[in-house]
Amino acid sequence: MSLSTNPSTLDQPKLRAWLGEQAESLGFDDLRITDTHLGIASERLQEWLAEGRHGHMEYMQRHADLRSDPQLLVPGTVRVICVSMNYLPPESDFDAEWQRLEDPSQAVVSMYARGRDYHKVLRNRLQDFAKAIEEKIGAFGYRVFTDSAPLMEVELARKAGLGWRGKHTLLLNRESGSTFFLGEILVDVPLPLDEEQDEHCGTCQSCIHICPTQAITAPYQLDARRCISYLTIENPEAIPVEFRSAMGNRIYGCDDCQLICPWNKFAKRSQLPDFAQRHGLGQASLLHLWSWTEAEFEQRHEGSAIRRIGYSRWRRNLAVAMGNALASPKVTATDKDLIQKALSESLSSADALVAEHIEWALKAYN
Ligand code: SF4
Ligand code: SF4
């Protein structure tokens with residue numbers, strides 16, 4: 001990066017206002033600016049890693065030094081433009097989400113993943129944003145990121161003032177709760193800084209109490225190895241047996257700690273068609289998704305974040321949820337017969353990972 005713009009020649013308040021307007025016109029819902037000093041957050045990350053709470057996310061350990069300092073990641077960076085983008089599909093309804101979690105024959109996919117892959121959506125718009133800034137102020141050094149590099153993006157967003165860190169460790173704010181994605185542009189221009197927000201969790205501990213696997217081990221402490229989002233998405237191995245029942249019918253991610261959060265009564269629906277749910281993922285049954293062949297999985301999840309976990313993990317997760325349906329008194333004998341038949345018929349062609357989960361699931365059939 002090289003500083004090619006003389007910041008003193010820019011009208012800072014006007015530029016700041018223009019940045020906000022430009023972000024809005026590109027579909028972002030908020031924009032804040034911070035510097036690169038992460039302070040104590042870097043030490044906390046090191047402690048979290050040292051305790052092994054990142055599980056199999058080795059990439060977090062590999063780049064821990066870069067993660068703790070954006071200036072190491074992109075030399076010359078002096079500011080981080082942090083943006084948020086609401087992701088709730090337009091048709092999402094929290095009451096309906098709770099009802100589906102109570103129906104063991106349904107397959108629950110985390111709301112953020114029901115539309116297009118947010119990495120692509122945000123990245124393209126961040127690039128457009130950076131180009132628009134370049135047209136406005138002249139050539140400058142920058143790089144865009146969204147959950148795509150060793151960057152403490154939640155901590156940067158917190159410091160920039162996009163929200164505060166809830167006791168579930170996600171960022172949230174009073175205007176739109178926590179259902180938004182984050183993106184960043186690291187720049188070498190000393191743009192005006194924004195201020196941090198106050199915390200507003202107060203005495204609430206709802207997210208801690210609702211967590212099915214007790215993954216929030218204390219306020220602001222998440223053990224990823226226990227978290228259903230990690231277990232169903234990042235974890236490449238077998239789902240530990242101790243967490244399988246608690247997974248219920250969550251087959252990709254988990255929203256419970258966000259659904260329960262009182263601030264999410266202010267959660268905003270996305271205006272972007274990209275985040276509208278695809279292939280009925282908000283209403284699908286376990287049996288319907290289990291019926292997808294690998295080719296159908298690949299084709300229907302094209303352009304979706306779900307495709308990245310691959311067919312085997314997808315089936316692994318479904319098998320656990322189907323085992324939980326077989327064990328549930330809420331599922332009728334007829335539906336259990338159908339689930340048992342579907343699992344049994346798939347056993348001989350399943351890979352070792354999926355076969356072990358099918359066998360576990362079938363033990364619940366009676
Ligand atoms: S996503 Fe689910 S499992 Fe993970 S911390 Fe939140 S409630 Fe717990
Ligand atoms: S549920 Fe309560 S404690 Fe958890 S993030 Fe929301 S306000 Fe904070």
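# Exercises on a predicted model

The accessible surface of the protein is about 16100 Å², and carbon and sulfur atoms hold 50% of it. The model is a predicted one.

**Exercise 1.** State how many helices and strands the protein has, then describe its burial and its contacts.

Solution. 
- Step 1: count the elements, which gives 17 helices and 10 strands.
- Step 2: of the 366 residues, 53% are buried.
- Step 3: take the contacts with a separation of 6 or more; residues 24 or more positions apart account for 76% of these.

**Exercise 2.** How many positive and negative side chains does the protein have, and how far apart do the centres of the two sets lie?

Solution. 
- Step 1: the protein has 40 positive side chains and 50 negative ones.

**Exercise 3.** Decide whether C201 and C261 are buried or exposed, and look for disulfides in the whole structure.

Solution. 
- Step 1: the cut-off for buried is under 20% relative accessible area.
- Step 2: C201 has 16% relative accessibility and therefore counts as buried.
- Step 3: C261, at 12%, counts as buried because of that value.
- Step 4: a search of the whole structure for disulfides finds 0. A disulfide is a covalent bond that joins the sulfur atoms of two cysteines.

**Exercise 4.** Locate P13 and say whether P13 is buried or exposed.

Solution. 
- Step 1: P13 belongs to helix α1, which covers residues 12-25.
- Step 2: exposed requires over 50% relative accessible area. The relative accessible area of P13 is 62%, so P13 is exposed.
- Step 3: compare sequence and space for P13 and V187. They are 174 residues apart in sequence, while their C-alpha atoms are 18 Å apart.

**Exercise 5.** Where does S304 lie, and which residues is S304 in contact with beyond its neighbours within four places in sequence?

Solution. 
- Step 1: S304 is in the loop between α14 (294-300) and α15 (310-326).
- Step 2: the relative accessible area of S304 is 6%, so S304 is buried.
- Step 3: with neighbours within four places in sequence left aside, S304 is in contact with A113, G115, R116, D117 and R278.

Note on methods. Residues numbered from 1 in each chain as written. Chains lettered and ligands numbered in written order. Predicted model: local features only at pLDDT ≥ 70, side-chain atom pairs only at ≥ 80, totals over all residues. Heavy atoms only, no water. Helix = DSSP H or I, 4+ residues; strand = E, 2+ residues; numbered from the N terminus. Buried < 20%, exposed > 50% of the residue type's maximum accessible area, 1.4 Å probe, protein only. Contact = heavy atoms within 4.5 Å. Areas by Shrake-Rupley, 256 points an atom, 1.4 Å probe, with all protein chains shown as cover. Lys, Arg positive; Asp, Glu negative; His and termini not counted. Charge placed at Lys NZ, Arg CZ, Asp CG, Glu CD. Disulfide = S-S within 2.5 Å.
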